[in-house]
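Welcome to this short tour of a protein fold.

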Amino acid sequence: MTQPQTQAVQPKVTYTKGDIVLFRDVERFWLGRPGHTFVGRVERSWTHADTRKVLYDLTELSGNRARAGIDPVYMRLLPATDAMHDIDTAPLSEPDTGAMTPAAVAWLRQHLRQDSSALPARP
């Protein structure tokens with residue numbers, strides 16, 4: 001008896017200008033070359049004249065390099081909730097800021113600087 005094979009199915013996503021995405025250069029990936037995956041910002045979408053497929057132009061954020069004609073099959077949205085998770089779940093009741101990630105500490109310092117009158121009195 002053969003077991004049915006399951007495969008993850010990525011839902012069809014439409015990206016908009018400014019979205020932060022993870023992109024994989026599939027040729028570099030399959031050839032085993034380094035630098036095949038990068039974080040990019042969506043600059044625009046357009047439809048290929050022959051194939052009618054929607055493609056995207058990105059800016060590779062690590063080097064501010066333009067990448068044109070990216071197939072969305074090799075892109076994944078990087079949700080803001082994932083990027084902000086450490087701040088959203090920072091142990092604010094901890095007296096030791098070493099227990100927080102650097103991003104959470106930076107956000108907390110900025111927030112406290114802006115509104116120091118709202119701080120509760122120390123017991």
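**A first look**

Where the hairpin of β3 and β4 turns, with four residues between the strands, N64 adopts a positive phi near 55°. Keep in mind that this is a predicted model. The points below start with the sheet, move on to the core, and finish with charged and aromatic pairs.

**The sheet as a whole**

- Five strands make up an open sheet, arranged in the order β4-β3-β2-β1-β5 with antiparallel pairing.
- At the edges sit β4 and β5 (75–77), each of which pairs on one side only.
- From one strand to the next, the twist averages 40°.

**How the strands are joined**

- Strand β2 (residues 37–47) and β3 run antiparallel, and seven bridges join them.
- To see one of these pairings, find R41, whose bridge partner in β3 is T59.
- The hairpin of β2 and β3 has six residues between the strands, and R52 takes a positive phi near 65° there.
- On to the next pair: β3 and strand β4 (residues 65–70) are joined by four bridges and run antiparallel.
- Here you can look for L58, which stands opposite R67 in β4.
- β1 and β5 also run antiparallel, with three bridges between them.
- In that pairing, L22 is found opposite R76 in β5.

**Inside the protein**

- Is strand β3 (residues 54–60) mostly covered or mostly uncovered? It is mostly covered, as six of its seven residues are buried.
- Which residues make up the largest nonpolar core? There are nine of them: Y15, V21, F23, F38, V42, Y56, L58, I70 and M75.
- Leaving aside its neighbours within four places in sequence, V42 is in contact with residues including Y15, V21, Y56, L58 and M75.
- The contacts of V42 also include T16, K17, G18, D19 and D57.

**Charged pairs**

- As background, side chains of opposite charge can pair when their charged atoms come close.
- How many salt bridges are there in this model? The count comes to seven.
- One of the pairs joins the side chains of E43 and R41, at 3.0 Å from N to O.
- E43 counts as partly exposed because its relative accessibility is 24%, and R41 is partly exposed too, with a relative accessible area of 30%.
- Another salt bridge links K53 and D71, whose closest N and O atoms are 3.0 Å apart.
- K53 lies in the loop between β2 and β3, while D71 lies in the loop between β4 and β5, so this pair ties together parts that are 18 residues apart in sequence.
- K53 is partly exposed at 33% relative accessibility, and D71 is partly exposed at 22%.

**A closer look at E60**

- E60 lies in strand β3, and its side chain meets that of R67 in a salt bridge (3.3 Å, N to O).
- Are E60 and R67 buried or exposed? Both of them are buried.
- Why does E60 count as buried? Its relative accessible area is 12%, and buried means under 20%.
- E60 and R67 also belong to a network of salt bridges that links them with D25 and R65.
- Leaving aside its neighbours within four places in sequence, E60 is in contact with F38, V39, G40, R65 and R67.

**Aromatic pairs**

- A search of the whole structure turns up three aromatic pairs.
- One of them is formed by F29 and W30, with an edge-to-face arrangement: 4.9 Å centre to centre and 75° between the planes.
- The rings count as edge-to-face because their planes are over 60 degrees apart.
- F29 is partly exposed at 29% relative accessibility, whereas W30 is exposed at 68%.

Technical notes. Residues numbered from 1 in each chain as written. Predicted model: local features only at pLDDT ≥ 70, side-chain atom pairs only at ≥ 80, totals over all residues. Heavy atoms only, no water. Phe/Tyr/Trp six-rings, centres within 6.5 Å; stacked < 30°, edge-to-face > 60°. Buried < 20%, exposed > 50% of the residue type's maximum accessible area, 1.4 Å probe, protein only. Helix = DSSP H or I, 4+ residues; strand = E, 2+ residues; numbered from the N terminus. Pairing = 2+ DSSP bridges. Core = buried A, V, L, I, M, F, W, Y, C linked by side-chain atoms within 4.5 Å. Contact = heavy atoms within 4.5 Å. Axes fitted to C-alpha atoms, helices over the stretch in contact; angles between N-to-C directions. Salt bridge = Lys/Arg side-chain N within 4 Å of Asp/Glu carboxyl O.
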